[in-house]
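Thanks for coming. I will go through one model, from the overall layout down to a single residue.

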Amino acid sequence: MNKMLKLILLLGIILPPRAYGAGKNDRYTISGQGLALAPNAGGQKAYRIEVHRSGHAVYGYNNRSLLVENATLFGAGYDYRLPVCDESCFWQFFVQVGGGLTNAGGFAEATWGTMIPLLPVWLPTRAPRMIPMLRVDITSQFFATRERVITWSYPLWIGLSFAF
Amino acid sequence: MDPGLALVVAAMFWTWRTPTELSAASLRPTVVTGLMQQPSSQYYHYVYGGQVDIARKDDAAYMRLQYLERPAFRSAGYVDQDFSAALFFGKSVYKKGPLGIGALIGTGYNWGYLKEIAGDAPSREAYRMPGIGTGIEGKWSTDRLDVRLSYQTMICQNDRSQIDYYVAWPFSWFLLSASTPINLGGR
């Protein structure tokens with residue numbers, strides 16, 4: 001699997017680049033994420049639903065591995081997406097910055113993410129609609145408490161995305 | 001984590017879609033200072049180090065070599081220290097006048113040690129973990145001065161078996177740097 005992925009990536013490097021510039025951002029993309037790694041066995045059972053269009057993303061999430069008093073951590077927020085390689089790329093990279101509210105208080109967020117269409121080959125075209133994409137995020141959230149700023153990370157938060 | 005795989009991803013990101021009209025290059029060597037958070041710890045440690053950027057015009061694409069270390073901390077007969085080195089590939093994702101935002105991805109290593117200062121049989125423990133690094137930074141940049149505030153993470157694993165248990169060790173840094181760009185020529 002590792003060797004196949006490297007081969008696909010090398011093809012992506014040597015094939016001629018397409019014209020620079022952003023594609024049309026008129027698609028809705030729905031993403032669902034369900035598991036993140038963690039510095040403990042078992043990872044984090046953290047679930048997130050996000051809807052994105054034209055650089056604006058709104059989401060709700062629940063981290064069942066973190067407790068706030070007697071409830072698991074849940075919240076909602078808004079991010080602005082800054083594309084590194086947007087929908088005009090087959091394989092998208094982006095960063096998102098934003099924040100929201102949770103039952104533990106307000107938070108700010110920074111995410112580095114990628115979406116890879118689940119097709120068996122790499123195609124020199126823009127990201128296709130109606131094809132499920134593997135979404136992998138590295139997300140950090142920052143909560144301000146009275147004593148300190150708490151940074152909580154979701155390394156490799158994995159899910160699926162669907163553009164239409 | 002496979003650093004080779006991460007480097008291939010970063011190289012793809014670096015070479016793809018950089019227009020030729022932005023081929024002018026500059027060099028930005030600087031010192032870096034900031035705070036580090038270790039995995040599963042909510043304490044922040046002071047860190048310092050250096051980095052050098054090789055950048056195309058307007059940061060259409062740039063490469064960064066970075067080294068960071070936490071000062072050795074001595075207490076109760078022990079001393080410990082952490083280090084980090086990384087190679088990043090970055091790109092400007094937003095620009096308005098001198099202000100901008102950059103995104104980075106790369107790979108590197110975190111390593112460190114804990115040892116007894118004295119004793120009949122002083123012990124020493126050490127770790128060394130490769131990882132995938134990502135970053136996002138705000139910048140204020142002119143031809144003469146470049147100031148950046150960055151947030152970086154590095155997702156590390158001790159060995160491949162940890163992925164079976166969904167284990168990863170996220171290090172975080174908040175870093176401040178300032179440099180004078182050195183023009184390397186080009187259009």
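Which pattern does chain A follow when read along the sequence? The answer is α-β-β-β-β-β-β-β-β, that is, 1 helix and 8 strands. Helices (H or I, at least four residues) and strands (E, at least two) are DSSP runs, numbered from the N terminus.

Some housekeeping. This is a predicted model, where local features need pLDDT of at least 70 and side-chain atom pairs count only at pLDDT 80 or more, while totals for chains, interfaces and linings use all residues. Residues are numbered from 1 along each chain as its sequence is written, chains are lettered from A and ligands numbered from 1 in the order in which they are written, and side-chain values use heavy atoms, leaving out hydrogens and water.

Now the fold. In chain A, 8 strands close into a barrel, in the order E1-E2-E3-E4-E5-E6-E7-E8, with antiparallel pairing. Two strands pair if DSSP finds at least two bridges between them. One such pair is E2, residues 46–53, with E3, residues 56–68, joined antiparallel over 8 bridges. Within it, Tyr47(A) has Asn62(A) in E3(A) as its bridge partner.

Strand E3 of chain A also holds Val58(A). Is Val58(A) buried, exposed or partly exposed? Its relative accessibility is 46%, so Val58(A) counts as partly exposed; buried means under 20% relative accessible area, exposed over 50%, and partly exposed in between, with a 1.4 Å probe and protein chains only. Beyond its neighbours within four places in sequence, Val58(A) is in contact (heavy atoms within 4.5 Å) with Ile49(A), Glu50(A), Val51(A), Gly77(A) and Tyr78(A).
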